[in-house]
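This report describes selected features of one protein model, from its backbone to its side-chain contacts. Please consult the sequence and the structure shown here while reading.

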Amino acid sequence: MTMTSFHVVFIHLDLGIGGAESLVLNLAKATLPSDTPNDHDADDTAESPPPSGRISIYTTHCSPAHCFDEVRPPHGPLSPHVHVRGSWIPRRLPIGGTALCSALRMLYLTHCAAREHPDASVFVLDVLPTGVPYLVEWWNVSAGVLFYCHFPDKLLTRDTVNGEQGPSDAYGAGTARGSASLMRFFLIILSQLKRCYRWALDAMEEWTMSHSDLIVVNSNFTMGEVEKVFPSLFLRRKHGGDTASKKESPIKADDSVDGNEQQTNQGDRVRVLYPAIESSLSKDRKFISNSQVTFKCDNALVESKDATKSILSLNRFERKKNVALLLRAYDLLLERASQASLPCVLPPLMIAGGYDPLNVENVEHLAELRNMADEILRRYDLPLSTVVPPSSNNTESQNGLAMKITQHPNHLLQFATITFLPSVSNAKRNELLSSASTLCYTPHREHFGIVPLEAMDAGVPVVAIRSGGPMETVVDGVTGYLVDYSEAESEEETADGGGALNNGNSTTSKSYNKNKTVKGYADAIAKIISNPKDAILMGRNGRKRVDEIFEMEIFRKQWWDLLLEAQKRGKKRCYIKTVGRGYCVSSTIVRSFCELAAVVLLAVGLTWSMTKAGWLEENKGIVGTIKVWLLGRDEL
């Protein structure tokens with residue numbers, strides 16, 4: 001079924017490099033005609049081709065230097081569909097207000113999309129639902145309005161780790177006495193003001209999201225978090241109203257949503273759609289076959305080709321991604337190798353991911369991680385870490401990056417290096433995955449996490465934290481290992497001066513041994529790199545799991561089911577608002593008159609107040625004009 005008139009408009013705040021952007025682009029590609037040839041038998045004529053439609057992508061920012069190849073102009077296949085609007089709106093105010101500015105940017109972006117495409121079939125918004133009520137209430141679009149919730153913004157504040165409270169500084173508890181008391185009082189007042197500001201934004205998030213025709217989340221974990229913080233989205237509600245149920249709807253019976261029930265669970269609007277991947281690895285399988293790897297795990301020197309299969313991390317350079325955990329685990333592996341207790345040569349560590357030079361946190365955190373890495377390498381007399389610029393890491397081969405043999409007396413450490421690769425291209429990303437021995441995914445309570453799927457698709461075992469979305473993608477002991485995360489232990493380590501797991505502070509490897517999370521992570525990596533046969537089997541299991549559950553064609557079918565349902569719900573909602581609940585011409589006139597009356601009353605009240613205060617002369621303004629008109633006094 002080809003639906004050339006079916007038009008889906010995507011509204012995404014910033015088209016950078018990240019999991020949310022990857023998902024939006026996959027949704028866009030799933031909406032367009034599939035370029036995958038049908039595998040149906042010749043006599044199978046009953047089954048129609050998958051549906052397809054047109055797309056438009058609206059965003060406030062898309063930098064050619066920091067975006068996915070699909071939307072990079074001029075040759076990106078999706079770049080003709082990208083429309084940049086509102087780039088002049090600031091990202092933050094001089095005093096802060098990033099969330100407020102983001103909400104305003106999203107609202108303006110929605111206005112542009114609705115104004116330029118009033119005939120759209122479905123509007124798809126993500127990240128922030130600010131524009132949802134604007135489409136539903138102001139425009140009353142007949143199109144479906146679908147909001148994809150990656151994770152509640154309410155749980156993404158800086159003092160939390162994806163909704164879980166992180167270590168705090170108790171507002172100056174470590175400052176000096178005396179003059180510090182006034183500063184502490186000021187910080188407390190500032191904290192309360194910030195809390196009120198966040199309360200207003202969080203309340204607005206729940207209210208705006210409730211106007212969606214359909215809400216889609218990326219995992220059952222996110223579904224649970226949404227229900228926990230926004231319970232009103234799952235309460236029972238009435239459908240249609242009294243008058244709507246008595247009038248005949250032009251929508252067909254099979255198009256109605258829960259038409260036989262006067263009440264339905266509002267949570268039926270919230271659905272789970274797992275992200276999928278469509279990489280060149282899954283199509284061509286152009287990677288170094290794990291079956292050809294022959295590690296020598298008897299403390300003897302392995303061949304350079306095998307030893308340079310790196311330990312890989314793919315994450316944005318943000319503190320919440322917890323990459324410091326991997327550095328500390330690598331420190332433990334270095335210590336074991338230096339003591340000859342590691343049963344194989346330690347591979348190099350590659351830390352790659354999204355990096356925006358305009359993002360202050362990206363710049364700061366890369367510097368923090370590099371300082372931490374250098375301190376670790378100095379303890380073992382190894383060369384300092386290197387940062388490969390984006391212009392170089394997209395052209396230099398993986399072997400050129402990893403083949404750094406150090407003249408170290410301990411042969412187990414001669415390939416041990418730490419390299420940072422910010423802003424890697426899709427091709428370099430695939431090359432890194434194809435040459436990795438294991439993929440280390442360190443975020444705690446991650447919403448879903450597309451990187452583990454990419455690694456499993458490439459046949460690479462995954463080590464991840466046992467929380468959030470990875471618990472639904474990685475099967476412990478089958479496709480990789482899940483490591484327990486202990487926040488209590490990280491807080492104790494902070495109190496001892498070692499720093500929490502998710503920041504860039506450094507400490508000694510001895511303190512790492514006290515932390516079960518770091519030790520468990522190092523143990524999991526050691527199991528994979530020292531047992532190549534098990535690693536090969538895990539890689540095959542991971543690839544099979546991706547093909548069975550997270551494959552693109554499965555994703556495409558599920559996505560179109562949601563699009564068609566959102567469109568049906570949008571039609572019904574629009575009919576109820578325009579006819580079923582009396583939103584006809586007469587009621588519109590009455591509502592407009594009421595609004596005009598309210599404006600006049602406000603102006604009268606304001607003028608009267610200014611007159612009484614002596615700021616306005618008698619009989620000047622609206623009050624005086626009304627007095628002259630009613631009493632016939634010509635005093636003007």
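## Backbone features in loops

Pro74 is placed in the loop between strand E2 (52-59) and strand E3 (82-84); helices (H or I, at least four residues) and strands (E, at least two) are DSSP runs, numbered from the N terminus. A cis peptide bond, with omega at about 5°, joins Pro73 and Pro74. The model is predicted, so local features need pLDDT of at least 70 and side-chain atom pairs count only at pLDDT 80 or more, while totals for chains, interfaces and linings use all residues. Residues are numbered from 1 along each chain as its sequence is written, and side-chain values use heavy atoms, with hydrogens and water left out.

Asn322, in the loop between strand E12 (310-314) and H9, has a positive phi near 65° although the residue is not glycine. Its relative accessibility of 1% makes Asn322 buried (buried means under 20% relative accessible area, exposed over 50%, partly exposed in between, with a 1.4 Å probe and protein chains only). Ala340, in the loop between H9 and strand E13 (349-353), also is a residue other than glycine with a positive phi, near 60°. Ala340 counts as partly exposed, at 49% relative accessibility.

## Helices H9 and H10

How do the axes of helix H9 (residues 323-338) and helix H10 (residues 360-379) cross, and within what distance do they come? They cross at roughly 5° and come within 10 Å; axes are lines fitted to C-alpha atoms, for helices over the stretch in contact, and angles run from 0 to 180 degrees between N-to-C directions. H9 is therefore roughly parallel to H10 (angles under 35 degrees count as roughly parallel, over 145 as roughly antiparallel, 65 to 115 as roughly perpendicular and the rest as oblique). Residues in contact (heavy atoms within 4.5 Å) include Leu327 and Asp331 of H9 and Met372 and Ile376 of H10.

Arg336 is part of helix H9 and is buried at 18% relative accessibility. Leaving aside residues up to four places away in sequence, Arg336 touches Ser341, Leu342, Lys519, Ala522, Asp523 and Ala526.

## Strands and sheet

An open sheet of seven strands has the order E14-E15-E13-E12-E16-E17-E18, with parallel pairing; two strands pair if DSSP finds at least two bridges between them. Its edge strands, E14 (386-387) and E18 (480-483), each pair on one side only. H10 packs on this sheet, touching E14 and strand E15 (418-422), and its direction makes about 165° with that of E15. Strand E17 (residues 462-465) and E18 run parallel and are joined by four bridges, with Ile465 opposite Val483 in E18.

Elsewhere, strand E5 (residues 144-149) pairs with E8 in the parallel sense over four bridges, while three bridges join E8 to E11, also parallel. Val217 is the bridge partner of Cys149 and has Val272 as its bridge partner in E11. Strand E8 (residues 214-217) is covered on both faces: Leu214 and Val216 are buried on one side, Ile215 and Val217 on the other.

## Aromatic pairs

The whole structure contains nine aromatic pairs (rings of Phe, Tyr and Trp, the last by its six-membered ring, pair if their centres lie within 6.5 Å; planes under 30 degrees apart count as stacked, over 60 as edge-to-face and the rest as tilted). The ring centres of Tyr274 and Phe448 are 5.9 Å apart and the planes are at 35°, so this pair is tilted. Because Tyr274 lies in the loop between strand E11 (270-272) and helix H7 (280-284) and Phe448 in the loop between strand E16 (436-441) and helix H14 (451-457), the pair ties together parts that are 174 residues apart in sequence.

Tyr274 is partly exposed at 22% relative accessible area, whereas Phe448 is buried at 3% relative accessibility. Together with Phe550, Tyr274 and Phe448 form one aromatic cluster.
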